[in-house]
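Me: Hi! I'm new to this one. Could you walk me through it?

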Amino acid sequence: MLTDSHCHLDRIDLKPYNGDLNAALDAARERGIRQFLCIGVSLENRETVVDIARQYPDVYASVGVHPCDVESGTATVEQLVEWGGAPEVIGLGETGLDYHYAEQTKELQQESFALHLKAGAQAGLPIIVHTREAREDTLALIREHGSTEHAGVLHCFTETWDMASQALDLGYYISLSGIVTFNSAKALREVAKQIPLDRLLVETDSPYLAPVPHRGKSNEPQYVREVAEFVADLRGMPVEKLAEQTTENFHRLFPKARG
Ligand SMILES: [Zn+2]
Ligand SMILES: [Zn+2]
């Protein structure tokens, strides 16, 4: 049993499935993927992701504003707490800081991230954090506003072991995407080996970042199996054990997940 802990089901390419999302999910289900967390990125796609989760018992949703989307509108703590109260919504985000793609909105990103952290602490919901080239500020905001009891996950992790270990100390989980399979990701693979097994998640971040051997193609949830197989190999363990453990971790981090 595998879990895709981070996918954008409202954005994946459904042409190979004649426009049918359920067929894309079936392709994943046939490969042992039993749960999907469909991520909200903006005020605009919030209802869409919640609707998708409402349609499928094995799909959950998160709501939040992505750091690269903060200019399109941010949410208040009250709104996030209210939206987070829906049964399908198991976490808040993705939020966080991206100084690589959106350095110019740094201040607004920090404000928005702080609001998500406060809302998560208030609502008892974990936070899905996107962080890129903003290590110190990300950790500082988590320390200042986050909850260690309902912590969160650093998704699509590409940063250093130093950052990972500080986040682990704050109760955070670390999620690996297809990037770990890329030739260029040598340093990340060293980090991936060190993450404690009970704090590790896997994801596709589909439609982005398809793992090898699908690199360059549109990513989809079924390829979380390739990510899991790669990480299991790297850590010298059977993939089924890694699948089982990462799914157990997912449930510990997101207690609202029904499955
Ligand atoms: Zn992200
Ligand atoms: Zn994402």
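**Zinc site and surroundings**

Reply: Happy to. In sequence, the donor residues of the zinc ion (ligand 1) follow the spacing E-x35-H-x24-H; donors are N, O and S atoms within 2.8 Å of the metal (3.2 Å for Na, K and Ca), and water is not among the atoms, so sites may look incomplete. This is a predicted model, where local features need pLDDT of at least 70 and side-chain atom pairs count only at pLDDT 80 or more, while totals for chains, interfaces and linings use all residues. Residues are numbered from 1 along each chain as its sequence is written, chains are lettered from A and ligands numbered from 1 in the order written, and side-chain values use heavy atoms, with hydrogens and water left out.

Me: Which residues coordinate the zinc ion (ligand 1)?
Reply: E94 (OE), H130 (ND1) and H155 (NE2) coordinate the ion, at 2.1 Å.

Me: How far apart are the zinc ion (ligand 1) and the zinc ion (ligand 2)?
Reply: They are 3.4 Å apart, and E94 coordinates both. E94 sits in strand β4 and H155 in the loop between β6 and α6, so the pair ties together parts 61 residues apart in sequence. Helices (H or I, at least four residues) and strands (E, at least two) are DSSP runs, numbered from the N terminus.

Me: And are E94 and H155 buried or exposed?
Reply: Both E94 and H155 are buried. Buried means under 20% relative accessible area, exposed over 50%, and partly exposed in between (1.4 Å probe, protein chains only).

Me: Switching topic: which residues of helix α5 are buried?
Reply: In α5 (residues 135–145) they are T138, L139, L141, I142 and H145. Seen down the axis of α5, these fall within an arc of 160° , so they line one face of the helix; the arc is that of the directions from the helix axis to the C-beta atoms.

Me: What's on the face of α5 turned away from its buried side?
Reply: That face carries the exposed residues E136 and E144.

Me: What covers the buried residues of α5?
Reply: The cover includes β4 (89–98), α4 (106–123), β5 (127–132), β6 (152–154) and α6 (161–169), with contact meaning heavy atoms within 4.5 Å.

Me: Last one: how do the residues lining the largest pocket divide?
Reply: Into 7 nonpolar, 6 polar and 6 charged. Ala, Val, Leu, Ile, Met, Phe, Trp, Tyr, Cys and Pro count as nonpolar, Asp, Glu, Lys and Arg as charged, and the others, Gly among them, as polar.
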